[in-house]
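Please read the following note with the sequence and the model side by side. The points begin with the surroundings of the ligand and then turn to the sheet.

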Amino acid sequence: MRDVVIVGGGPVGMFLAALLAERGLDVAVWEKRVSPSALSRAIGVHPPALEAFSRVGVADDVVGEAVHISRGVAKSAGRTLGAVSFAGVSAEFPFVASLPQHRTEAIISARLEALNPQALQRGVELRGIDDVDPGHVRLHGRSGGHDVFELARFVVGADGARSAVRSLLRIPATLKIYDDPFVMGDFRDDTGDADDAVIHLEAGEWSSRSRCPVACGVSSCTPVSRWCVRPPTCSPN
Ligand SMILES: Cc1cc2nc3c(=O)[nH]c(=O)nc-3n(C[C@H](O)[C@H](O)[C@H](O)COP(=O)(O)OP(=O)(O)OC[C@H]3O[C@@H](n4cnc5c(N)ncnc54)[C@H](O)[C@@H]3O)c2cc1C
């Protein structure tokens, strides 16, 4: 019987698994994807997360690969509206570390592999959870068309926004669906913004609601800029 089975091998699940493995617990991570995601997703890892990463020995690798964003700047029509420095947010990490999320995941995954090569089990999807008796749960999963079962003292749901663990255990959650769609992409950087994160707040003719900026750009990775743009769909029409 395992001490802990973590459902979900995203950054949260793998980080927790590394923490527990460092403390000598027998931990497994069930991840339904067969291979890692290659998407950029996160723009930056913030100082409290970097401090937590230090505890499992991955902060240096993350910080070493990342662009260090030490300032956020808001602009409109070429004019600077304001700037916020991150210099005072943390003595050790006075910046937001910007790197594609798949790199953060690869670094944590390598650390977990070093601590326990068998911990991350890819291609295993959680399907059911039973209370066997007080103190034990039995997990049912599917892997490669076969049923798999595991007994554990604890199960942890780190399986994302539409958590199967939460649904199976009927844990209520207040979900909020945001109206505003965004498109994100990485492009060659010709902004001259260096390592600043820049938010561009521009009103467009199509926008009938003044609260909707048409574009918010974040210059995050040099020489690549990651742009997160709000496309022109916030019109009520
Ligand atoms: C466009 C975009 C931009 C973002 N920008 C930022 C940012 O700048 N900074 C930031 O901190 N965050 C950002 N985020 C959010 C960040 O990506 C998430 O917060 C992060 O991925 C959450 O990690 P997680 O491990 O909790 O969940 P996830 O990354 O969602 O991982 C959950 C894992 O669980 C697995 N899973 C699900 N169901 C099951 C099941 N039944 N059985 C087994 N496995 C299962 C999934 O395959 C997945 O791998 C952004 C996200 C997006 C999409």
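1. Among the 23 residues around the ligand, those that come nearest are Gly8, Gly10, Val12, Ile43 and Gly160. A residue counts as near a molecule if its C-beta atom, placed from the backbone, lies within 6 Å of it. This is a predicted model: local features need pLDDT of at least 70, side-chain atom pairs count only at pLDDT 80 or more, and totals for chains, interfaces and linings use all residues. Residues are numbered from 1 along each chain as its sequence is written.

2. The shell around the ligand comprises ten nonpolar, seven polar and six charged residues. Here Ala, Val, Leu, Ile, Met, Phe, Trp, Tyr, Cys and Pro count as nonpolar, Asp, Glu, Lys and Arg as charged, and the others, Gly among them, as polar.

3. Which element gives the most to this shell? It is α1, with three residues; α1, β2 and β8 each supply at least two. Helices (H or I, at least four residues) and strands (E, at least two) are DSSP runs, numbered from the N terminus.

4. An open sheet of six strands has the order β7-β2-β1-β10-β9-β8, with mixed pairing. Its edge strands, β7 (120-122) and β8 (125-133), each pair on one side only. Two strands pair if DSSP finds at least two bridges between them.

5. Strand β2 (residues 27-31) pairs with β7 in the parallel sense, over three bridges. Within β7, Leu120 is the bridge partner of Val29.
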